[in-house]
Amino acid sequence: MQLRKTIDRILANFLVIIMAVMVLNVLWQVASRFLLGSPSSFTDELARYLMIWIGILGAAYVSGRNMHVAIDVLPNRLSKTTQKHLKLIVRILIILFCLGAMVIGGARLVYITHILDQNSPALQVPLSVVYLVIPISGLLIIYYKISDILKN
């Protein structure tokens with residue numbers, strides 16, 4: 001449980017930092033465009049990549065906190081034992097999806113963009129670094145769901 005709390009705290013702080021950088025970036029974008037009359041060339045791309053990271057890492061954080069959106073009409077009508085079995089099945093399906101789509105698929109995407117040496121147009125950041133958030137987030141969600149299974 002201590003490891004999970006540490007990961008939660010690190011992830012939450014990282015998300016706050018990303019959001020703060022994104023706010024400052026967008027403020028600079030608006031200021032440079034309207035006050036200075038010369039829009040900054042990198043701010044649009046940086047905001048886009050930060051939004052991707054916030055969205056995907058935020059999904060992992062919310063999954064770890066079990067605050068994700070859920071339709072609970074059916075589970076509430078079931079017995080406690082059946083609810084427990086249903087939660088186990090859902091967690092296993094989430095683990096399988098994250099393993100296949102996010103970890104394996106995301107790792108392949110990172111590998112391909114790294115091998116092709118693709119860089120972003122304005123920032124010249126390797127796109128493999130931008131896409132690295134996908135397998136990282138997938139591993140975090142898998143960790144959280146396995147932790148939830150072991151806890152119950």
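This is a predicted model: local features need pLDDT of at least 70, side-chain atom pairs count only at pLDDT 80 or more; totals for chains, interfaces and linings use all residues.
Trainee: Why is Tyr144 called buried?

Mentor: Buried means under 20% relative accessible area, exposed means over 50%, and partly exposed is in between (1.4 Å probe, protein chains only). Tyr144 has a relative accessible area of 0%, so Tyr144 is buried.

Trainee: What makes Tyr143 partly exposed?

Mentor: Its relative accessible area is 25%, so Tyr143 counts as partly exposed.

Trainee: Why is the pair of Tyr143 and Tyr144 called tilted?

Mentor: Rings of Phe, Tyr and Trp (its six-membered ring) pair if their centres lie within 6.5 Å; planes under 30 degrees apart count as stacked, over 60 as edge-to-face and the rest as tilted. The ring centres of Tyr143 and Tyr144 are 5.8 Å apart and the planes are at 55°, so the pair is tilted.

Trainee: How many aromatic pairs does a search of the whole structure find?

Mentor: The search finds 2 aromatic pairs. One of them is Phe14 with Trp53, edge-to-face, at 6.3 Å centre to centre and 65° between the planes. Phe14 sits in helix 1 and Trp53 in helix 2, 39 residues apart, and the pair links distant parts of the chain.

Trainee: How do Phe14 and Trp53 count, as buried or partly exposed?

Mentor: Phe14 has 36% relative accessibility and therefore counts as partly exposed. Trp53 has 18%, so Trp53 counts as buried.

Trainee: What counts as a helix?

Mentor: Helices are DSSP runs of H or I with at least four residues, and strands are runs of E with at least two; both are numbered from the N terminus.

Trainee: How is the packing of helix 1 and helix 6 described?

Mentor: Two packed helices are described by the angle between their axes and the distance between the axes. Axes are lines fitted to C-alpha atoms, for helices over the stretch in contact, and angles run from 0 to 180 degrees between N-to-C directions. The axes of helix 1 (residues 2–35) and helix 6 (residues 133–151) come within 11 Å and cross at roughly 145°.

Trainee: Which residues make that contact?

Mentor: Contact means heavy atoms within 4.5 Å. Helix 1 contributes Leu3, Arg4, Ile7, Asp8 and Leu11, and helix 6 contributes Leu140, Tyr143, Tyr144, Ser147 and Asp148. These residues divide into 6 nonpolar, 1 polar and 3 charged. Here Ala, Val, Leu, Ile, Met, Phe, Trp, Tyr, Cys and Pro count as nonpolar, Asp, Glu, Lys and Arg as charged, and the others, Gly among them, as polar.

Trainee: What do the buried residues of helix 1 pack against?

Mentor: They pack against helix 2 and helix 6. Among them are Arg4, Asp8, Leu11 and Leu15. The buried residues of helix 2 are covered by elements including helix 1, helix 5 and helix 6.

Trainee: What makes Thr113 buried, and what does Thr113 touch?

Mentor: Thr113 lies in helix 4. Its relative accessibility is 3%, so Thr113 counts as buried. Thr113 touches Gln118, Leu127, Ser128 and Tyr131, not counting residues up to four places away in sequence.

Trainee: Which value is noted for phi of Asn66, and which for Gln124?

Mentor: Phi of Asn66 is near 55°, a positive value in a residue other than glycine. Asn66 is found in the loop between helix 2 and helix 3 (73–76), and with a relative accessible area of 37% Asn66 is partly exposed. Phi of Gln124 is near 60°, also positive in a residue other than glycine. Gln124 lies in the loop between helix 4 and helix 5, and at 49% Gln124 is partly exposed.

Methods:
Residues are numbered from 1 along each chain as its sequence is written. Side-chain values use heavy atoms; hydrogens and water are left out.
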